[in-house]
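Dear colleague,

Please find the structure below. My notes on the findings follow it.

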Amino acid sequence: MESSEAIWRTVLLLDYNTRLVVLATALLGLASGLIGTFLLLRKRSLMGDTLAHATLPGLSLAFLLFVTFGGSGKSLPVLLLGALAGGGLGALGVLWIRKYTRLKDDAAMGIVLSVFFSAGVVLLSMIQKIPGASAAGLESFLYGSVASMVLTDLYVLMGAAIFATALALLCHKEFRLLCFDEHFALSQGWPVRRLDAALLGIVTLITVAGLQAVGLILMIAFLIIPAAAARFWTDRLDLLLLISALLGAVSGWLGAGLSAVLPKAPAGAVIILCATACFILSLLVGRQSGLIWRVYRQTQLKRQTTHQHLLRAIFEMTESRPESAVTQGALAARRSWTRRELCRGIRRACKRGFIEATASEEWKLTPLGIVEAIRLTRNHRLWEHYLLEYADIAPAHVDHNADTIEHVLDPGLVRRLEARIGKLYPKGHGMTPDLPPSPHQIAQSSERSSS
Amino acid sequence: MTWLWLDTWIVVVGILCALSTGLLGNFLVLRRMSMMGDAISHAVLPGLAIGYLLTGERTSVWLFIGAVLTGLLTAFFTTWINRNAKVEHGASMGIVFTSLFAIGLILMVGAAGNVELDASCVLFGAIELTPLDVAWQVSLGGVVLEIPRAALVLSVVLIINLLVILLFFKEWRLTSFDPDMATANGFSAGLMHYLLMALTAVTTVAAFEAVGSIIVIAMLIVPPAAAHLLTDRLVPMLIWTALIGIASALLGHLAALTIPPLFGFEDASSAGMMGVVAGCLFTLAALSTPLRRRT
């Protein structure tokens, strides 16, 4: 149990050696979660991938130049500057292709990614031939190794993450406009192209900052996964940004903590798998559009629909002879519901006291059920009359149209419908003075059961 | 610069790779799935790792099968997340391939102990080494041809791709340009999608093994995109793709031999140079067609 204790010590920042690493990675996750949200909303998630690959030639060129002029090639600021330049050039390349050719975003990103990475591979192959200059330092940029970071690296990473977060928060209003309505922003005189470039600039910055920790290839996951996971929790941008940043920070925190305890496993991979776990969890239980909630809401809606259809069906079949009962066979013939659906609906309605059995397989509405059924039927018919009057739909078709909408009519809308439709039909019809007559023929229970 | 038989074979392998991937790339570009090559190239890692763990060999059919299966899984998961979780296509692709890549890295490093099956060897490949792995010797009028394994594998892949494209040309054209109309006319867009994905997975994996992934990703997109700038019609686009692919392979290897000496290096990665030349040809194509501003 020594290892589990070690994990807890690391995660809870009790371990001095890893405290800074874990904090830095969490900050990186926070920043990339924040910025990744904008990328996701702009449907440019793979841009991070492209930029990450585009940093390779810049990185290698900086290394080469540095070696040529007598350095060891391992100076981090120089390498990062080179990477930044490469990423920036890649971003410009994508924007250029998008602007001047008819190719779409995906092709632009694919082209820049592969061509820049090819150039990087060429330069790397040349670096490897330099006697004495080992390219081992560059390897860590590909797969990421938190452990190899020294104190200054960590400060650079934290500084970049904080800077990127601040920038993203500062331009938050402009980016929101860019993401949701580019053309509106354009028409309002916003410098959309420059904002686009600024967003990509911040993405480049954070990508370069993260290269050393999680590696070139997996940096993109940090930009995409927290943002995509946060979408399952909310629809509002402010909350989205907050949740995404939080998820990013948590994955960075846990991932860095875990990989500090498991030194053999590549850090980038561990961090990304933590993010993936967050994503899968959100996909399942996310409050806004997680799978479990969606299925739950759908079943609830379906149950309610069946219930309301059932009450209205019984009511309409016995409208001319109130208090009479209908057989289950007649009910089954009335709508295209399955036997199981009908049985369940009947059982639930019985339990809630809306209908009661008069004989075996024969049902009638209770007084409570009649009140509810009149309300439902009224909604249905009000909508039918509305469609007839205002939407010019044939009487034979309104029933089906009203079927789909009647379950979601709220009281306010019903009152407005009454105000409009109320004067169109005669008052005081039958036993229910408030109920409009049906605009089409309704099969009565006696006709059905006798046939 | 001295040109050897070796160099001829490198160019031939490069051309075969460009042709077999470029043909499929046309359909990927038209369907706006250009990043699929990159995604598959990363996502096959766990397949390779599991194949390696099961057999303990670096080159076996099981590795190939594992890689193709994970490639297909990538396409399947991407579509699933896209449809059921309502995550945008690019993002769902990104989620799937990075997660699979991470799993692959951990499997390889964690379970295989020392990394005999090196990740960077999968990613970069070595087209320069392909002529050394001779599969077949033929003597033609006194000249002994030593056909490399990569050339053989890629030829088979190319022939399969050509056959499938000829067989399903009408369907793919229709589903690429107008999937809704294709569905309305009774062609299954979904089936064609997965057929294309399966073929892409097989081709990319076969080509990675032979020449490394970067040249495959480049040849999958760049020549078709350049061809798309030059023409609107599918058949000329396929022909342009082939021409640009051939030119990239030939000029790329030449450049790899001639340009580095100018800076005092012996030579550079041919695969990388082929990608760079393809990029240059793309820029040429973009500049030679009337540029237009999109608003």
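Two strands are said to pair if DSSP finds at least two bridges between them. Strands (E, at least two residues) and helices (H or I, at least four) are DSSP runs, numbered from the N terminus. This is a predicted model, in which local features need pLDDT of at least 70 and side-chain atom pairs count only at pLDDT 80 or more, while totals for chains, interfaces and linings use all residues. Residues are numbered from 1 along each chain as its sequence is written, and chains are lettered from A and ligands numbered from 1 in the order in which they are written.

Chain A has an open sheet of three strands in the order E1-E3-E2, with antiparallel pairing. Its edge strands, E1 (326-327) and E2 (355-359), each pair on one side only. Between E2(A) and E3(A) (residues 362-365) there are four bridges, and Ala359(A) has Glu362(A) as its bridge partner.

Contact between two residues requires that their C-beta atoms, placed from the backbone, lie within 7 Å. By this criterion, 46 residues of chain A are in contact with 54 residues of chain B. Helix H5(A) gives the most to chain A's side, with 15 residues.

In chain B, helix H3 (residues 45-55) is mostly covered, as eight of its 11 residues are buried (20 or more other C-beta atoms within 10 Å of the residue's own, all placed from the backbone). Among them are Leu45(B), Pro46(B) and Tyr52(B). Just after H3(B), Gly56(B) takes a positive phi of about 75°.

Yours sincerely

How values were computed: A residue is buried if 20 or more other C-beta atoms lie within 10 Å of its own, exposed if 12 or fewer, and partly exposed in between; C-beta atoms are placed from the backbone.
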